[in-house]
Amino acid sequence: MDEYIAATKRRSERDRMADVKTVSGVFTGAYGLNPVNNEPVPIWLADYVLAGYGTGAVMAVPSGDQRDYLFAKHFDLPIPAISDAQKDLDQQADPTKEGRYINSGIVNGLSYKEATATLIAYLEDKGLGKGKVNFRLRDAIFGRQRYWGEPIPIYYKDGTAYGVAEADLPLVLPEIDEYKPTETGEPPLGRAKDWKYKGQYEFELSTMPGWAGSSWYYLRYMDPHNADRFVSEEAEQYWGQVDLYMGGAEHATGHLLYSRFWYMFLKDLGLVTHSEPFQKLINQGMILGVSEKIKRGGITTSGGTAAASANNAHVFTKGEYYRHVMSNDLIIVYTSADVQVPIGEVGTIASLASTIETHVPIQFTDNNTMNVSQMIDYMKWTKEERHALFVCENGFHQFAFSSEDQGYHHLNFYTVTDHHNEHNRTVMLGERSSEEASPALFKTRPEVEKMSKSKYNVVNPDVLIDKFGADALRLYEMFLGPLEQFKPWNTNGISGVATFLKKFWRLFHPEDGALAVTDEPASPAELKALHRVIQKVAQDIEKFSFNTSVSTFMIAVNELTALGTHKRAILEPLVILLSPFAPHLAEELWEELGHASGSISQAAYPEFREEYLVEANVTYPVALNGKVRDQRQFAATATAAEIETAILESDFLSRFGEGKAVKKVVVVPGRMVNVVV
RNA sequence: GCCAGAGUGGUGGAAUGGUAUACACGAGGGACUUAAAAUCCCUUGCCUUCACGGGCUUACGGGUUCGAGUCCCGUCUCUGGUACCA
């Protein structure tokens with residue numbers, strides 16, 4: 001044992017983690033007693049168990065853990081199955097948590113979860129142990145090697161760190177001459193002159209990260225001028241929790257986590273009173289980019305031995321009276337995303353070159369395709385200055401690079417007519433296409449990824465704002481879908497909301513651009529359209545369901561356009577409703593409507609009046625056994641019994657009833673009717 | 001593995017247990033125009049039928065219910081979080 005320990009000590013933890021093949025260990029000669037069934041368990045020393053795991057002896061489960069398995073095999077220890085779902089135990093360990101326990105005493109027949117609970121209860125019952133949940137904070141390095149950030153109140157005395165005395169807090173950032181590291185590589189705080197604790201001890205030179213301060217600042221907002229405490233008890237009681245915390249994915253795991261941690265710490269100190277800092281959390285989704293990818297490879301057409309000639313291939317193009325070998329050493333071959341490339345198979349395009357996938361900047365593509373001029377733009381951008389082939393389904397485009405004018409020239413499209421082997425090289429024969437031969441589309445492969453400069457899929461909002469306006473962009477972001485979902489950006493769709501805004505504008509300015517809003521009283525149909533919006537938008541805002549609000553506005557504007565509405569009684573409330581969604585447009589219209597002073601954001605919110613939505617008649621879908629067969633109109637005031645009678649007396653049963661006896665009629669007033677036969 | 005969330009047309013998506021596919025994009029057809037832009041109209045889940053119509057469809061399989069995208073059980077897949085966890 002001593003020998004083994006000495007040998008193991010010589011190896012670092014890193015060595016032992018990396019070395020998974022060598023199994024070593026030694027039996028101590030001792031046994032532990034299993035507290036549940038009192039069976040003796042042999043105790044071994046092994047070096048694959050790392051000190052960081054657990055605090056005492058570590059149980060081995062050779063059938064469930066591969067390291068334990070190898071260990072047991074090596075020393076010929078028993079490998080009992082513990083679950084009826086384990087498979088191939090003669091080959092390897094099976095860590096499944098499925099199935100029911102076997103060979104396991106009191107937990108036999110139980111699932112993993114049941115067994116856990118049973119064992120904890122048993123051990124607690126016998127006074128042998130206690131159940132405990134361990135919480136863990138995410139590992140994070142708290143110190144930052146930069147200037148801006150709260151200095152960490154730690155000083156060093158004889159190489160040991162001490163906390164600054166409470167009376168000496170707060171520690172204030174010292175002035176420095178430049179916000180850069182020192183020449184010796186210390187953080188910027190190392191530049192501060194005479195910055196020492198009590199004039200003699202070095203301070204910690206890193207500062208706190210951004211979320212140190214931002215993990216509690218919301219509390220300070222409750223009582224910003226209080227010089228005695230970060231927030232008074234009264235202010236804390238008055239404001240309570242933050243109503244809504246909205247942040248992205250990074251915030252959720254970083255900032256939010258620390259905010260909660262710090263809040264609970266403050267609660268333990270008795271300084272705040274709620275269990276959580278935030279009442280509601282919304283994790284807004286990220287808008288993703290759509291990248292465009294193509295396959296790219298290179299081939300050589302000349303150049304000595306087969307081995308030196310990359311990928312062992314040649315390209316020839318064949319004209320009517322001649323054979324043309326492209327003369328450049330290297331040709332770049334781009335392959336359309338829809339062309340299959342089984343690498344290495346002789347006689348296919350693929351055998352020309354092994355390919356990699358590469359991003360094409362999205363501005364060189366259009367609906368996942370590239371045309372000839374976009375191909376040229378792309379090649380100018382890559383600056384490879386080589387001849388190039390763009391292979392699509394029925395052939396390939398040939399481009400020549402001219403070093404004279406540094407330009408790319410589209411020579412021809414070649415229909416692929418043949419592939420064969422020639423001098424041990426794969427040869428692709430192309431026929432110069434006739435005028436009317438149409439090349440297949442050169443496709444790019446779209447893929448949804450994070451927007452990133454390196455993926456060339458970034459959509460710049462400035463460009464969209466220039467083209468469609470800030471309101472359209474804002475509205476479209478809302479319209480894309482639920483706030484919390486990740487979704488790909490698709491610029492095409494923005495035209496829909498832009499059209500909607502134009503239509504909205506035209507309700508106010510129908511003909512020649514002049515405001516033409518009338519003071520006529522509104523019709524019932526117009527009032528209904530308006531009040532449906534008031535009701536729906538109010539409900540949607542409560543649910544943060546902005547996409548459905550935008551739809552509701554679209555429906556209303558389509559209806560009002562059809563009705564030819566230009567009435568103030570409808571449009572003025574409508575523009576107030578729209579103002580949080582399209583603020584610029586709304587402010588503009590508000591002013592035009594005669595509210596020269598004051599913002600629309602101060603206007604009274606329109607009041608919902610149910611009575612405008614009430615209809616005299618309701619059209620009921622009438623279903624037979626749940627399947628809708630007909631529509632029938634009834635007065636809105638009709639009772640369920642009246643409707644049932646009317647349906648049974650009508651021709652509904654003779655038309656759809658298939659001669660069967662009626663078992664039941666379900667009438668949901670205002671909704672639908674279901675006849676059960 | 002565990003925890004959480006999701007799966008509906010070509011696409012983004014809608015739907016208090018009550019007419020699934022609203023709204024929008026895209027696509028197709030048409031009007032206006034010398035032309036384009038802009039605008040407007042029609043069609044557009046799938047299968048079947050000349051048509052009228054009929055059948056099918058919310059990842060898959062069951063269940064509850066007069067009625068299920070929605071509730072319950074199981075399966076699969078995807079996404080995120082987490083763990084070299086014995």
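In this predicted model, the charged end of K157 sits over the ring of Y162. The distance from the charge to the ring centre is 6.0 Å.

Aromatic contacts were then examined across the model. A search of the whole structure returns 34 aromatic pairs. In one of them, the ring centres of F364 and Y378 lie 6.4 Å apart. The two planes meet at 65°, so this pair is classed as edge-to-face, for which the angle must be over 60 degrees. F364 belongs to the loop between strand 13 (356–360) and strand 14 (369–370), whereas Y378 belongs to helix 10. The pair therefore ties together parts that are 14 residues apart in sequence. Both partners are buried: F364 has a relative accessible area of 11%, and Y378 has 2% relative accessibility. A further edge-to-face pair is formed by F544 and F546. Its centres are 6.3 Å apart and its planes stand at 85°.

Ring pairs also build a cluster. F364 and Y378 belong to it, together with Y334, W381, F390, F399, F442 and Y456.

Helix 10 spans residues 372–382. Its buried residues are Q374, M375, I376, Y378 and M379. In an α-helix, residues three or four places apart point the same way, because each turn takes 3.6 residues. Directly after helix 10 comes K383, which has a positive phi, near 55°.

Most residues other than glycine have a negative phi, and most peptide bonds are trans. F544 is not a glycine, yet its phi is positive, at about 60°. F544 is placed in the loop between helix 14 (524–542) and helix 15 (546–563). Its relative accessibility is 21%, so F544 counts as partly exposed; the limit for buried is under 20%. N625 is likewise not a glycine and has a positive phi, of about 50°. The loop that holds N625 runs between strand 22 (617–624) and strand 23 (627–635). With 46% relative accessibility, N625 is also partly exposed. A cis peptide bond is found between L169 and P170, with omega at about -5°. P170 is located in the loop between strand 4 (160–163) and strand 5 (196–197).

Strands of a sheet pair through backbone hydrogen bonds, either parallel or antiparallel. Between strand 24 and strand 25 (residues 672–676), the pairing is antiparallel and covers five bridges. Within this part of the sheet, V668 faces M672 of strand 25.

Notes: Residues are numbered from 1 along each chain as its sequence is written. Chains are lettered from A and ligands numbered from 1 in the order in which they are written. This is a predicted model: local features need pLDDT of at least 70, side-chain atom pairs count only at pLDDT 80 or more; totals for chains, interfaces and linings use all residues. Side-chain values use heavy atoms; hydrogens and water are left out. Buried means under 20% relative accessible area, exposed over 50%, partly exposed in between (1.4 Å probe, protein chains only). Helices (H or I, at least four residues) and strands (E, at least two) are DSSP runs, numbered from the N terminus. Two strands pair if DSSP finds at least two bridges between them. Rings of Phe, Tyr and Trp (its six-membered ring) pair if their centres lie within 6.5 Å; planes under 30 degrees apart count as stacked, over 60 as edge-to-face and the rest as tilted. A charge sits over a ring if NZ of Lys or CZ of Arg is within 6 Å of the ring centre and within 35 degrees of the ring normal.
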